[in-house]
Amino acid sequence: MAVHTSSAAEAAAPTTRERILVEALDLFAQSGYGGASMRELARRVGIRESSLYNHFSGKAAILEAIVSEHGPASSASRLEEVRYKQLARQPAAFCRQFALDLVEQWSDPREHQFQKVITAERNRVPGIRAKFADHFYAREQSMMTDYFRGFALAGLVKTPDPRETARLFAAGLIYIRLEHYVMGAAPSPRAKVIEAIERYLAFFLSLIAAGEATDNKKRKPKGENRGKAAPD
């Protein structure tokens, strides 16, 4: 039994590459990209400096990997998961799941570090700004548009433009993040954030006719108005 337990623990342990990225994110957030050295990063990871180059060609490659695996990139990757594809005919459930996953992401200290790093460095390192824009605008927005287009084609929502609907959905969530995680002296309590999310979802879903109230109205029995006077 001890052998199996040890094997399971080893499988769950982070790889050297993963440890490099975790420590690099922390180091870049503390010292800035320009102030961070490969020597200090190697010391934090517990390996020789030369060993870093077995995993990455240099500091810029490490930053690119961080951009590819955090923030908008991780959000885009979620949209490819089976649990989201199973919601391809459930717009209200899809929007709620996406919003709640974002709350979890926003609450992660690593996300705060990532935003600090990317805000400071995306204009200084060649290719980082383009990669960030590609992950956020191209990949995530394209997939979000596909979901809303599917909802519209199935008659589950009403929208003349799925792309703009996806952008509107994202814009409201971004504003909630700014209000509760960025602009204040401290992040808002989780309960307050969830309250803001639920209020926004109810509003947004009513706009595209996918809210519960709209669904209930559509399911109203045909004879419900029987016996009532017709409007003049």
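**View 1. Contacts around phenylalanine 169.** In this predicted model, Phe169 touches Cys95, Phe98, Met144, Phe148, Tyr200, Leu201 and Phe204, leaving aside residues up to four places away in sequence.

**View 2. The largest nonpolar core.** Step back from Phe169 and you meet the core to which it belongs, a set of 31 residues. The members that touch the most other members are Phe94, Phe148, Phe169, Leu173 and Ile197. Two or more residues come from each of these elements: α8 (91-106), α10 (128-153), α11 (162-182) and α12 (190-207). With 8 residues, α8 gives the most to this core.

**View 3. How α11 packs against α12.** The axes of α11 and α12 lie 11 Å apart, at an angle of about 160°. Angles over 145 degrees count as roughly antiparallel, so α11 is roughly antiparallel to α12. The crossing of α11 past α12 is right-handed.

**View 4. The residues between α11 and α12.** Here is the contact, residue by residue. From α11 come Thr165, Leu168, Phe169, Gly172, Leu173, Ile176, His180 and Tyr181. They meet Lys192, Val193, Ala196, Ile197, Tyr200, Leu201, Phe204 and Leu207 of α12. Sorted by class, this contact of α11 with α12 has 12 nonpolar, 3 polar and 1 charged residues.

Definitions and conventions: Residues numbered from 1 in each chain as written. Predicted model: local features only at pLDDT ≥ 70, side-chain atom pairs only at ≥ 80, totals over all residues. Heavy atoms only, no water. Core = buried A, V, L, I, M, F, W, Y, C linked by side-chain atoms within 4.5 Å. Buried < 20%, exposed > 50% of the residue type's maximum accessible area, 1.4 Å probe, protein only. Helix = DSSP H or I, 4+ residues; strand = E, 2+ residues; numbered from the N terminus. Contact = heavy atoms within 4.5 Å. Axes fitted to C-alpha atoms, helices over the stretch in contact; angles between N-to-C directions. Parallel < 35°, antiparallel > 145°, perpendicular 65-115°, else oblique. Left-handed = near helix turned anticlockwise from the far one by under 90°. Nonpolar A, V, L, I, M, F, W, Y, C, P; charged D, E, K, R; others polar.
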